[in-house]
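Here are my comments on the model you sent. They are set out as numbered points, to be read with the structure open.

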Amino acid sequence: MSANPSDVQTFIHISGFSPEDEEHLRHLGQHLVPRLPELTDRFYGRLLADERTRPHVEGRVEQLKKTHIA
């Protein structure tokens, strides 16, 4: 899984990140990107475990997961 470079640049631009922030994100990305499937599963697991958020994602998790892969 990899991010589209133009999407990353757009994200950095609209977020107002400094060049130092961008460098930190690049460094963190090396460690986070390989773990994204695991982190995504844990994230949705938490949403499903919480009675307040469960109704918003129940039955939709697989479809929602696809949004960050496209």
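**Notes on the predicted model**

1. This is a predicted model, and the comments below should be read with that in mind. I begin with Phe11, which is partly exposed at a relative accessible area of 45%. Phe11 sits in helix α1, residues 5-15.

2. Nonpolar side chains in soluble globular proteins tend to be buried together.

3. Which residues make up the largest nonpolar core? The core has five members: Tyr44, Leu47, Val57, Val61 and Leu64. Helices α3 (36-49) and α5 (61-66) are the elements that each supply two or more of these residues.

4. Val61 is worth a look within that core. Once neighbours within four places in sequence are set aside, Val61 is in contact with Tyr44 and Leu48. Tyr44 belongs to the core as well.

5. Six salt bridges are present in the structure. One of them joins the side chains of Lys65 and Asp41, with an N to O distance of 2.5 Å. Lys65 is in helix α5 and Asp41 in helix α3, so this pair ties together parts that lie 24 residues apart in sequence. These are also the two helices named above for the core.

6. Asp41 is partly exposed at 43%.

7. A second salt bridge to check is that between the side chains of Arg35 and Glu38, at 3.1 Å from N to O. Arg35 is partly exposed, with a relative accessible area of 37%, and Glu38 is partly exposed, also with 37%. Arg42 joins Arg35 and Glu38 in a network of salt bridges.

8. Asp50 and Arg52 form another salt bridge, with their closest N and O atoms 2.7 Å apart. Asp50 has a relative accessibility of 21% and counts as partly exposed; the cut-off for buried is under 20%, so Asp50 is not classed as buried. Arg52 is exposed at 63%.

How values were computed. Residues numbered from 1 in each chain as written. Predicted model: local features only at pLDDT ≥ 70, side-chain atom pairs only at ≥ 80, totals over all residues. Heavy atoms only, no water. Helix = DSSP H or I, 4+ residues; strand = E, 2+ residues; numbered from the N terminus. Buried < 20%, exposed > 50% of the residue type's maximum accessible area, 1.4 Å probe, protein only. Core = buried A, V, L, I, M, F, W, Y, C linked by side-chain atoms within 4.5 Å. Contact = heavy atoms within 4.5 Å. Salt bridge = Lys/Arg side-chain N within 4 Å of Asp/Glu carboxyl O.
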